Amino acid sequence: MTNSISEIEDADCVFIIGSNTSSSHPLVATRIFRAKKKGARIIVADPRTIQISSLADITVRHKLGTDVALLNGIMHVIIQRGWHNVSFVEERTEGFEAFSKGIENYPPEKVAEITGVDAGDIVRMAEIYAKAETGSIVYCMGITQHTTGVDNVKALANLAMLTGNVGRESTGVNPLRGQNNVQGACDMGGLPNVYPGYQPVNMMDIQKKFEKAWNAALSDKVGRTVPQMLTGLTDGSVKALYIVGENPIQSDPDTHHVKKALAAAELLVVQDIFLTPTAEMAHVVLPGTSFAEKDGTFSNTERRVMRVRQAIDPVGDSRPDWQIIQEVSNRFGYGMDYSSPEAVMREIASLTPSYGGITYERLEGEGLQWPCPHADHPGTRFLHEGMFSRGKGLFHPIEYRPPAETVDEEFPYWLTTGRVFAHYHTATMTRNSPTLDAEIREGYLEVHPDDADRLGVLQGDAVTVTSRRGTITAKTAVTDRVQQGLVFMPFHFIESNANVLTNPAHDPVAQIPEFKVCAVKLEKAPL
Amino acid sequence: MDYRTVLTTCTYCGCGCNFYLEVLDGQVIDTIPCKTHPVNEGKLCIKGWNVHEFIQSPKRLKRPLIRRDGVLTEATWDEALDYTVSGLKAIKDAHGSDSIAFLTSAKVTNEENYLLQKFARAAVGTNSVDHCARL
């Protein structure tokens, strides 16, 4: 997030797009409820009617994968009517000319055709957001999990810059990260192209710095991303995969392809706390511990680094993951001798400029938001104040591109996926929690009442859902939360694994798969 | 009777709510939201309120497993670590560093993520380390 969670409640306008906030990030939704109470205008754009739509001043349901068109349409209106922030654009940004020229191709009437959103609603959305003193954009995987994921994010950045809604309190472009420490895993260099703190692996002075610190020769070759690892396993260029705390059999698109890839590994090591469907395929399984059995830190979606504290001894003969990795490394012949996670953090701070001022002592209380470059730095509540990291903010002209797969005669329904309030990701933890398990016990397919009639199914009847990649069976939930022609499935339930169906086509830059859009056919399942 | 409360950070979504785990004689028995934390200010969602329930689930993995004759079988830590390390070494020797890849985790700590990517880069010699940020 460019800004902090607590700032959202003081925004004049909150624009929520591609985030089922009350379900997936309830404590962010709380801030939006408070903002509403304080008089903020709320805009929701989501292909489904979601709970938070009920408090919106305006809510639109655009067609899957048409985010760029919708956002360009909004910006078209803003520029045409002169609602943009001229001084911000002049002083803080560049590339406006080329960008605004591109936007000319997106008049509301044309955008209405692409997105299915009423042209009048596009104008109203533009007016509410552009005229707000402080407008905060909140988005989630509904924006990013597309073959145009990067384009979608850039279009949101364009919108915030166009209206001067960045670099100030209660504004910004605010992605809600789905996992407790996905921010930290990125910050710590859990990415194939960067060391900790996003320092590129292919820059000579950076490589030298880490070679000296780690006393090892390092590669300047960018490594493989997850999809490339799977392809590598299939074509034989990758022989071993070591997985810590991930469950790609259920979390990655096109499960059949993932299974085939993992089965081809000569060595599959899985380190986890439960015997997940992925661990079941491993050659060796190393039992790690949950967050309650070790010390450490997590970094949340607003860049806040916070302490994790050991509450109980490791369950059974399991071991904290940091100890397992250290032991593997020592046996491999590369010595690691950390006495505690705190000792590891000291090394992180010494090599990661944005974490330079972070110590366990300073994390007591509220934690610290990076960038926190030195010991006296108070941390950073919101980014880009006065200046962007690159200097001036750059407008990117973005053209609408349709999703990789669209409906046709054979596969006439659009499928999108997501989370439900009681479960979390592949549900390895939540389905082992009796209270949460009791809330929702199985997967389901949301179908519009007219489509249910057409298929001859009632609420709770089983249907088979087939995409170009596979077939699953699920019970129907007949509801007008989805529009005609659109169906939705949560991906938490392995018995009706939505990711058997999803499309692995991915964004060319970020390599994020298009989980949110694929084409399926539905049939009433035999009794 | 040993009763303690331990302040920590939630393991579910990216909000990062803080709460106290209530521990009685080594069992995590309940969760109390932290009132002074800037993210959650004394509130929690349904997942957070019940986070203590999965921690000591009987289904937790308690011992290392090695596949023997096609079946995952309990093993000692020595056996499992040796199996892992000798496997990684043999593959590195035969096919090079880039034939090995690592998936690190959005669920483990910063320190653990740091160590795994350090192991991949400094010990094995590959930058093929990624995680589920996109999923």
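1. The contact between the two chains takes 114 residues from chain A and 87 residues from chain B, with contact meaning C-beta atoms, placed from the backbone, within 7 Å. On the chain B side, helix 4 (residues 110-124) gives the largest share, 13 residues. By class, that side has 43 nonpolar, 28 polar and 16 charged residues.

2. This is a predicted model, in which local features need pLDDT of at least 70, side-chain atom pairs count only at pLDDT 80 or more, and totals for chains, interfaces and linings use all residues. Residues are numbered from 1 along each chain as its sequence is written, and chains are lettered from A in the order in which they are written.

3. Strand 9 (residues 240-244) of chain A and strand 6 (residues 100-103) of chain B run parallel and are joined by 4 bridges. A:Ala240 has B:Ile100 as its bridge partner in strand 6 of chain B. Strands here are DSSP runs of E, at least two residues, and helices are runs of H or I, at least four.

4. Chain A has 19 helices and 23 strands. Its radius of gyration, taken over C-alpha atoms, is 24 Å, close to the 24 Å that the globule rule gives for 527 residues, so chain A is as compact as a globular protein of that length. The rule is 2.2 Å times the number of residues to the power 0.38.

5. Of the 527 residues of chain A, 57% count as buried, that is, with 20 or more other C-beta atoms within 10 Å of their own. Among chain A contacts between residues at least 6 apart in sequence, 69% join residues at least 24 apart.

Definitions and conventions:
Buried ≥ 20, exposed ≤ 12 C-beta atoms within 10 Å, placed from the backbone. Nonpolar A, V, L, I, M, F, W, Y, C, P; charged D, E, K, R; others polar. Pairing = 2+ DSSP bridges.
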